[in-house]
Structure formats: structure tokens, C-alpha cells
Amino acid sequence: MCRARMAAATIAILASLALAGRAPAQAAGPEDSVNTFHEILINTMKDGRALGESGRYAKIEPVIHQLFDLPFMSRLAIGVSWTTLSAAQQKLAIAAFGAYISATYADRFDSYSGQRMEVFAQRPSSSGIIIKTRIVKSNGEPVSVDYAMRQNDGAWQISDIYLDGTISQLATQRSEFGAILRREGFDGLIGALQRKVKLLAGSVPHAS
């Protein structure tokens with residue numbers, strides 16, 4: 001009887017430890033998402049030369065789809081024209097936008113020379129949380145990069161990035177995309193994004 005009680009107690013302890021071990025993943029916050037993104041970028045830079053453009057793209061692209069709120073960002077980047085698009089066109093736009101962001105990071109973060117990425121503060125915003133970070137170059141010079149984070153189905157995702165704390169990546173893209181839409185229409189925008197991906201990351205598959 002004593003051994004039975006001890007066995008039951010052991011099972012209960014192991015079960016509680018198992019639940020405790022799962023808790024951090026369930027409680028992941030906005031800072032965790034940014035740290036995950038930074039870790040992928042650093043690892044990609046360290047292997048950057050061996051991977052090449054397309055190899056870096058292959059490592060970064062799945063993480064962009066996981067950690068960035070691409071539907072939200074695509075809608076804001078395209079602007080008022082979004083509501084005139086069919087569901088198929090919206091899906092195509094999200095895929096092209098995700099590929100473009102992935103290729104941009106694969107091109108910019110191509111080699112490692114001792115850079116560090118640090119999260120140092122966070123503050124509430126109207127739509128979620130702002131995570132304040134800095135990239136510290138090998139010479140010690142810091143570059144401010146702020147991440148706008150919003151919750152999507154319970155997960156914290158990146159919805160915009162501010163360079164030097166003020167320059168909105170999404171606002172810049174909206175201006176660029178709007179000019180292309182006015183000149184060439186939706187098909188012209190998708191074509192332009194796909195050409196940029198090919199230029200930045202080489203031959204990579206496009207989602208359809």
C-alpha cells in the first residue's frame with residue numbers, strides 16, 4: 001500500500017513537472033517573438049557566405065511567415081485598393097509581400113562580424129506593444145530598431161518595424177506600392193515584387 005501511494009505521488013510530481021515545462025511556450029510574449037527573430041538573423045549571418053542568397057532566404061522565409069502578421073501588413077501596405085481585390089488576389093499579395101520581406105532580410109543580413117542584437121525596453125501602444133531594440137555593430141555603434149507587436153490568434157506578431165525609432169517600414173512600403181499601383185495596377189505590383197525577390201535572393205520558389 002505504501003509503495004502504491006509513493007508511485008501515485010511520483011506520477012503526480014512528474015505530471016506537474018511536465019505541465020510546468022510546457023508553460024513558457026504557452027506564455028510566450030512579444031519580447032520572445034523578437035528574440036526568436038534576432039536569433040534566426042544572427043545564425044543566418046554566421047552561415048551567410050556558405051548559404052548564399054537563396055540559402056539565407058530559405059532559412060528566413062518560414063520565420064517571417066511565423067513571426068510577421070503578413071495579412072495585416074499587406075493590407076496596410078496596399079492601402080485603400082485592398083478592398084477592391086478578390087480573395088485570390090489578396091492571397092497572392094500576401095505571398096508576394098512575405099517573399100519580398102524575406103528576400104530583403106536575406107540580402108541585408110548576409111555576413112557576421114560580431115554584431116549584437118539587444119532588446120532593452122518595451123512600452124504599450126494603441127495596437128499592442130512596442131519592443132525597443134538596438135543592433136550593435138562590431139565597432140560598437142548602436143542602431144535603434146523598434147518592433148510594433150500585435151496579438152493575432154493569441155500569438156504576438158510583428159506588424160511594423162521602425163528604423164532609428166521613427167522611420168516606419170510599412171509607411172515606406174505603402175508609398176512605394178501606391179506609386180506602382182497607380183502606374184501599373186495590381187498585376188504590375190505583383191510583378192515588381194517578384195522581380196525584386198529574384199534580384200535580391202536569386203531563384204526562389206514563389207507561392208501561388
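I started with contacts along the chain: among those between residues at least 6 apart in sequence, 53% join residues at least 24 apart. I kept in mind that this is a predicted model.

Next I looked up the layout. The protein chain has 6 helices and 5 strands. From the N terminus on, I read the order as α-α-α-α-α-β-β-β-β-β-α.

Then I checked burial and surface. Of the 208 residues in the protein chain, 40% are buried. I got an accessible surface of about 11,500 Å², with 55% of that belonging to carbon and sulfur atoms.

On to the largest nonpolar core, which holds 51 residues. Which members touch the most others? I found Phe-37, Phe-68, Tyr-105 and Tyr-147. Elements that each supply at least two residues of this core include α2 (30-46), α5 (87-108), β3 (142-152) and α6 (169-201). α6 gives the most, with 12 residues.

I zoomed in on Tyr-105. Leaving out residues up to four places away in sequence, Tyr-105 touches Phe-37, Leu-41, Ile-60, Ile-64, Phe-68, Ile-161 and Gln-169.

How do α5 and α6 pack? Their angle is about 65 degrees, and their axes lie 9 Å apart. I jotted down the crossing of α5 and α6 as left-handed.

Note on methods: Residues are numbered from 1 along each chain as its sequence is written. This is a predicted model: local features need pLDDT of at least 70, side-chain atom pairs count only at pLDDT 80 or more; totals for chains, interfaces and linings use all residues. Side-chain values use heavy atoms; hydrogens and water are left out. A nonpolar core is a set of buried Ala, Val, Leu, Ile, Met, Phe, Trp, Tyr and Cys residues joined through side-chain atoms within 4.5 Å. Buried means under 20% relative accessible area, exposed over 50%, partly exposed in between (1.4 Å probe, protein chains only). Helices (H or I, at least four residues) and strands (E, at least two) are DSSP runs, numbered from the N terminus. Contact means heavy atoms within 4.5 Å. Axes are lines fitted to C-alpha atoms, for helices over the stretch in contact, and angles run from 0 to 180 degrees between N-to-C directions. A crossing is left-handed if the near helix is turned anticlockwise from the far one by less than a right angle, and right-handed if clockwise. Accessible areas come from the Shrake-Rupley method with a 1.4 Å probe; for residues, only the protein chains shown count as cover.
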